[in-house]
Structure formats: C-alpha cells, structure tokens
Amino acid sequence: MPAKQSSLSPYELKRERMIQERKAFLKELFPEGELETLKRDIAPKRRTTTVKKPRTSSSSRLVGPVRRSARLNDPNKKVRYSMSDLDKVESACGRLVYNRRSVSTTVPTEVDLDEEQPTRDPTELTRIATSTSEKVYDRSEGTTCHQCRQKTRDLKTTCKNKNCYGVRGQFCGPCLRNRYGEDAAEAIKNPAWVCPPCRAICNCSFCLARGGRRPTGILIHVARHSGFNSVHAYLSGGKAEDQTEES
C-alpha cells in the first residue's frame, strides 16, 4: 500500500483520503446492513417493458373470400358502369337516391316582398361573374354564394323576400345560370325576384341533405347533354329543350 501511494499524485492521494473518510463516516452513521437496505429503497425502479402484439390489418380480419378487381386480372380490360348498375349499388348500400319527381327539398318560406328596396347603380351589374374563372376569392371583403359556398368579390343576387335571411338569397352568376337557368342581372333588377330556397327549389348540397336527399355534384354537363338548360330543369323531369322546339 505505501508503495502504491508513493506512485500516486497529490490530487489522487487527497481523493483517496476523502473516500476513506466518507466510508468511515457512513459506517458510524448507519449500523451494519442498514446502508445497503437504504440504497435498495431509494434506488429508481426499473420499468417493465411489455411486448405489444402486432396489429392485424383490417383485410386479415375479413370473413369470406378476398375480392379482386377485374383490372388486376386483365389490365387492358376496360370496365364500364351503366346507370342501372349504379342504381343497384346505391339501393344495396341503402343510400338515398335522388327522386326526379320530387325536388322540393326546403321548407318554403312565406313570401313577403320588401317594398323599400335600395336602388342599385347600373354600373354594379358589370361586377357579376359570367364564368367561374372571373371569380376572385376574398376572405375579408368577399360575399358568399349560397350554392357553391365560395366567398368571392363578384356581385351576388339579393332575395326580395322580407323573410329571407343569411346568405340564402345570394347566388353568383354561374351558379344561378347553370343550376336554375336564370340570369343574375335580371334577378337583381327584378323587384319581385325570390331566391330558390324561398321557392323551395334549391338543389345545393346543404338543402338536399336537409331534405334527406343525396347531393348531385356537378350535374350541369349531364343536364345539357340530355337537352336541358339547367340542373333544376333536369331534376324536375320536364321536357328537354330540343324536344320542346320540335313540338
């Protein structure tokens, strides 16, 4: 031991002396055996790790044979669906199918025309959008269309019914023309114009869902292909324009 201490530096000799003094102090403070018990009590407990079971995918829990798409079997084969096939799928899934003969989806509001209507500047009519590309989104200064729910800067219609409220009577030019076959400029100038929700003919997604019907989506192209000038005319089940002209 003395030979070992002679090879240590002054710092290491001081450290060794302090360790021995600390051990002697703890031995006097705690009887034999109590120090080890205290160390075990204050030692942090180890967390027991639990092995998580691997999650099974939803496909492995399905009962029955696995269905494969026809495109996977033959990538070059074109799959087409007819309207009758879609009707069968919707009926099997229990979804509500739009009934053409019943388009009254909103509760009609009692019409009471507002006699004190503000006069509009004719130059304001130039702010009416004729196509969707002319509409500019503006979250702070724009007005919301009841049909498309877009808040844009273009001029919207105003319902002349006193009992109309909110954005029910606000329609942009493209929506009013494509969905109902009406001109926004004529609706603004007409002192007796009443909005589609107040007439109970609104076919927007909110009004259709409120009436228990499925939203139509973008249907103007289908309506025009079938000979109708608007979605409302197509859903009403009336005669097409070309058939009416021939008769």
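Q: Leaving aside neighbours within four places in sequence, what is His-146 in contact with?
A: In this predicted model, His-146 is in contact (heavy atoms within 4.5 Å) with Val-167, Arg-168, Gln-170, Phe-171, Pro-197, Cys-202, Cys-204 and Cys-207. Local features need pLDDT of at least 70, side-chain atom pairs count only at pLDDT 80 or more, and totals for chains, interfaces and linings use all residues. Numbering runs from 1 along each chain as its sequence is written, and side-chain values use heavy atoms, without hydrogens and water.

Q: Where does His-146 lie?
A: In the loop between β1 (143–144) and β2 (151–152); strands are DSSP E runs of at least two residues, helices H or I runs of at least four, numbered from the N terminus.

Q: Why does His-146 count as buried?
A: Because its relative accessibility is 4%. Buried means under 20% relative accessible area, with a 1.4 Å probe and protein chains only.

Q: New topic, α7. Is it mostly covered or mostly open?
A: Mostly covered: of the eight residues in α7, seven are buried.

Q: Which ones are buried?
A: In α7 they are Gly-173, Pro-174, Cys-175, Leu-176, Asn-178, Arg-179 and Tyr-180.

Q: And what covers the buried residues of α7?
A: Among the elements over them are α8 (184–189), α10 and α11 (231–236).

Q: Which residue follows α7?
A: Gly-181 comes after α7, and the phi of Gly-181 is positive, near 70 degrees.

Notes. Buried < 20%, exposed > 50% of the residue type's maximum accessible area, 1.4 Å probe, protein only.
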